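Reader: I have some labels to check. Please set each one against its cut-off.

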Amino acid sequence: MNGYRTIVVGTDGSALAEPTVARAAWLAAEEDADLVVVCAWSSLSRRQEARNTNTLGGDTSFGQVKGHVAATEAVRQGVEVARQVGARVKAALLVDGEPAAALLQVAGQHQADLIVVGAIQDVSIADRLLGTVATDVVKRATCEVLIVRPQMPVTELEVPEDVVETPLPPEQVPLD
């Protein structure tokens, strides 16, 4: 069995993001693999988000950071955690879009051997019917997937968002 060469990890700035990135970073350091940190974010205005929620029912952007500033901060924190663990961060990316699709897209572009995602226990009927980011990634990934569960029971995660929306194209965050 060959070791991992590239590991992709998703972050959203929530309480689950740090242990998820830390696990991915530990694996990357142990395997001498490159780590790619990804944050899916939404450039939709609050009005457009509300329209989507009302039309489709429920929060259609679970796990998606609202706004460029909040997404940039989530990625920055993820990179900081990864470096503290000793990982080699190859890229830190912001992707405007749905979280599972963003992770799968980046994994394909970087020929990832492993995707690492965080997941809380499915506690709602909506989660069971519609699925979660982790479920979607597991179903569609062409590489291995590691699910990181929180040590303590968590039923809801607060994902950061900007106060003012500033739509910008997807980009790579400078690694300093």
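Author: Start with a cut-off: buried means under 20% relative accessible area. Note too that this is a predicted model.

Reader: Why is Asp34 called buried?

Author: Its relative accessible area is 19%. The limit is under 20%. Asp34 therefore counts as buried.

Reader: Where does Asp34 lie, and what does Asp34 touch?

Author: Asp34 is part of strand β2, residues 34-42. Leaving out residues up to four places away in sequence, Asp34 touches Arg5, Thr6, Ile7, Arg88 and Lys90. A touch here is a pair of heavy atoms within 4.5 Å.

Reader: What makes Val173 buried?

Author: The value is 8% relative accessible area. Buried requires under 20%, so Val173 is buried. Val173 sits in the segment after β7 (171-172). Its contacts, neighbours within four places in sequence aside, are Thr72, Val75, Ala92 and Leu94.

Reader: How far apart are Val173 and Val38, in sequence and in space?

Author: They are 135 residues apart in sequence. From C-alpha to C-alpha, the separation in space is 9.8 Å.

Reader: Why is strand β5 described as largely enclosed?

Author: β5 covers residues 114-118, and four of its five residues are buried. The rest of the structure therefore largely encloses the strand.

Reader: How do you know that β5 pairs with β1 and with β6?

Author: Pairing takes at least two bridges. Three bridges join β5 to β1 (residues 6-10). Five join β5 to β6 (residues 144-148).

Reader: Which residues make the contact?

Author: From α1 come Glu18, Val21, Ala22, Ala25, Trp26 and Ala29. From α3 come Gly78, Val81, Ala82 and Val85.

Reader: How many of them are nonpolar, polar and charged?

Author: Eight are nonpolar, one is polar and one is charged. Gly counts as polar and Glu as charged.

Definitions and conventions
Residues are numbered from 1 along each chain as its sequence is written. This is a predicted model: local features need pLDDT of at least 70, side-chain atom pairs count only at pLDDT 80 or more; totals for chains, interfaces and linings use all residues. Side-chain values use heavy atoms; hydrogens and water are left out. Buried means under 20% relative accessible area, exposed over 50%, partly exposed in between (1.4 Å probe, protein chains only). Helices (H or I, at least four residues) and strands (E, at least two) are DSSP runs, numbered from the N terminus.
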